[in-house]
Amino acid sequence: MQETIDLIAHRELRNLRRFTRETGQPTQLTSLDLGEMSYVQSIEIDEEHVTVKYNTKTVRNYNANEITHKEWMYKYNDDEDFVAAVRRVIELSRKHLYDLPENLSCPPGCAECCSGYEPFVNRDDVQRIADHLGMSYDEVMKEYVVPRESADGFVVGWLRKVDEKGARSEETEDKCVFLMGNRSGRYYCGIYEARPSDCREFTPIGCEDVDVSLPRGGAYKTGRPFQPRHKSKNGSANNGRRMST
Ligand code: SF4
Ligand code: SF4
């Protein structure tokens, strides 16, 4: 008999999606506050062994992650109490995940990261934003991306920043071109469904920039989505915020 137990069970995934549906607050599995446990890939139990596979180190580089994998194997020789204890830990872990969703979301309207951080974009991100806005890939690159070449060509640049008046900016304290709303508690992403994968990785867990004055919980109503300002002759939007550089 061999059983593989995934710590991230489907039940928890459904639960997270339900929480997002009901509150409108985004949740994602990568946001789970699992601490050390988040490194565990799987636990296998057979007649003699408990094998835990885990990652010990993740180094995030400009356009790639380096992960060191390890495996820990324990031979328990029919130690039923030990197996029962492991099962209890797993059940507790699942319960922990089940109870957790309320803590997973950023406070509604917080967007400190959308100001202090420039998300990298890869080709898929740019194409997704282009499709979302009804623009071409090149138009999105021209209007909203600061191009930067990467060694493997995967990352093509980062999202532009604009100042309060909407003019292009090089200042790090200014905000992402797609950030909508006029103050903390009212901010929202104007291209949320199409936002770059870099933005999807952000989580309030361990975030040092969180605006702690904002209340958590409850549904959050956002305003209109980001709209490019002008349409090209062929009907596609092409200019977005036209700004002087
Ligand atoms: S794309 Fe959206 S989530 Fe990402 S930095 Fe800009 S406003 Fe924030
Ligand atoms: S809590 Fe952190 S990650 Fe979430 S929106 Fe605020 S600054 Fe960004």
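Predicted model: local features only at pLDDT ≥ 70, side-chain atom pairs only at ≥ 80, totals over all residues.
Reader: Which residues surround ligand 1, and how many of them are nonpolar, polar or charged?

Author: A residue is near a molecule if one of its heavy atoms lies within 4 Å of it; Ala, Val, Leu, Ile, Met, Phe, Trp, Tyr, Cys and Pro count as nonpolar, Asp, Glu, Lys and Arg as charged, and the others, Gly among them, as polar. Around ligand 1 stand Cys114, Pro119, Leu159, Cys176, Phe178, Leu179, Cys189, Pro196 and Cys199, a shell of nine nonpolar residues with no polar and no charged ones. The shell of ligand 2, which includes Cys106, Cys110, Glu112 and Asp209, has seven nonpolar, one polar and two charged residues.

Reader: What can be said of strand 7 and its partners?

Author: Strands (E, at least two residues) and helices (H or I, at least four) are DSSP runs numbered from the N terminus, and two strands pair if DSSP finds at least two bridges between them. Strand 7 (residues 155-159) is joined by three bridges to strand 5 (residues 120-122), running antiparallel, with Val121 opposite Gly157. Three bridges also link strand 7 to strand 6 (residues 145-147), again antiparallel, and here Val145 stands opposite Leu159.

Reader: Which residues have the most contacts inside the largest nonpolar core?

Author: Such a core is a set of buried Ala, Val, Leu, Ile, Met, Phe, Trp, Tyr and Cys residues joined through side-chain atoms within 4.5 Å, where buried means under 20% relative accessible area, exposed over 50%, and partly exposed in between (1.4 Å probe, protein chains only). The largest has 25 residues, and those with the most contacts inside it are Val126, Ile129, Leu133, Val140, Tyr144 and Phe178. Helix 4 (123-133), helix 5 (137-144), strand 7 and strand 11 (179-180) each supply at least two of its residues.

Reader: Is Arg160 buried or exposed?

Author: Arg160, in the loop between strand 7 and strand 8 (161-162), counts as buried because its relative accessibility is 14%. Its side chain reaches the backbone oxygen of Glu143 at 3.3 Å.

Note on methods. Residues numbered from 1 in each chain as written. Chains lettered and ligands numbered in written order. Heavy atoms only, no water. Polar contact = N/O pair within 3.5 Å; in protein donor to acceptor, adjacent residues only side chain to side chain.
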